[in-house]
Amino acid sequence: MSLEARKAALLALVDDDLRRQRAALLDAADAQAAALRAQARAQASARVREALAAARARRDAALAAATARRQTRERLARQGRASAALAAAWAALPRELERRWSEPVARHAWLANALARAAHELDGTGGTWLLRHAPGAPPAELDAATASAPAAVECIADPALRAGLRIARGGNVLDASLDGLLADRDAVASAVLRALEHAP
């Protein structure tokens with residue numbers, strides 16, 4: 001083989017080797033680029049997931065805060081309505097109790113209830129019952145109401161009482177007067193609020 005032919009063959013070998021090396025380098029570069037792209041996509045996907053999770057967390061926190069604010073406003077509104085209704089009830093209660101005392105049927109029920117409580121609470125204390133009552137109860141009504149009392153009853157009209165009665169026996173007193181019924185403000189307020197909750 002001539003020198004030229006050998007030179008050409010050697011150059012062809014070098015060219016083939018260069019092509020193979022270039023192809024190998026390009027394949028390696030493509031693989032590295034693909035790996036970098038996959039890594040970049042994974043990182044971008046992770047950042048998007050984190051951003052979405054953070055956005056959801058912010059949305060959930062804002063929703064929870066808005067719900068809490070709404071519930072607080074509603075609770076304050078309910079409390080305001082209850083407070084206003086309770087104030088109105090407190091203003092009306094004395095008049096309503098006086099009105100009931102002035103009505104014979106309601107007054108009879110009031111007397112019967114107080115006498116039944118007195119029979120239970122003042123039992124065994126000995127002595128005559130002293131029944132002080134607000135004006136407006138006729139003697140015949142009082143006699144009929146106290147006929148079944150477990151002790152003798154002395155009835156005295158007391159102009160200081162606006163409505164109701166007080167029964168005393170042996171130093172013990174059952175106060176079913178207007179002032180006595182309204183004395184335990186917390187208990188009356190609770191009863192009024194319960195009644196308001198069930199009112200239409």
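Helices (H or I, at least four residues) are DSSP runs, as are strands (E, at least two), numbered from the N terminus.

This is a predicted model: local features need pLDDT of at least 70, side-chain atom pairs count only at pLDDT 80 or more, and totals for chains, interfaces and linings use all residues. Residues are numbered from 1 along each chain as its sequence is written, and side-chain values use heavy atoms, leaving out hydrogens and water.

H1 bends by about 35° at Ala 92, and Pro 94 follows within four residues.

## H1 against H2

H1 (residues 3–102) and H2 (residues 104–121) pack at an angle of about 100°, with axes 5 Å apart. That makes H1 roughly perpendicular to H2 (65 to 115 degrees). On the H1 side, the contact (heavy atoms within 4.5 Å) uses Leu 97, Arg 100, Trp 101 and Ser 102. H2 supplies Pro 104, Ala 106, Arg 107, Trp 110 and Leu 111.

## Buried residues

Ser 177 sits in strand E4 (residues 172–177). Ser 177 is buried, with a relative accessible area of 1%. Not counting residues up to four places away in sequence, Ser 177 touches Trp 110, Leu 161, Ala 163, Gly 164, Leu 165 and Arg 166.

Conventions: Axes are lines fitted to C-alpha atoms, for helices over the stretch in contact, and angles run from 0 to 180 degrees between N-to-C directions. Angles under 35 degrees count as roughly parallel, over 145 as roughly antiparallel, 65 to 115 as roughly perpendicular and the rest as oblique. The bend at a residue is the angle between axes fitted to the seven residues ending there and the seven starting there. Buried means under 20% relative accessible area, exposed over 50%, partly exposed in between (1.4 Å probe, protein chains only).
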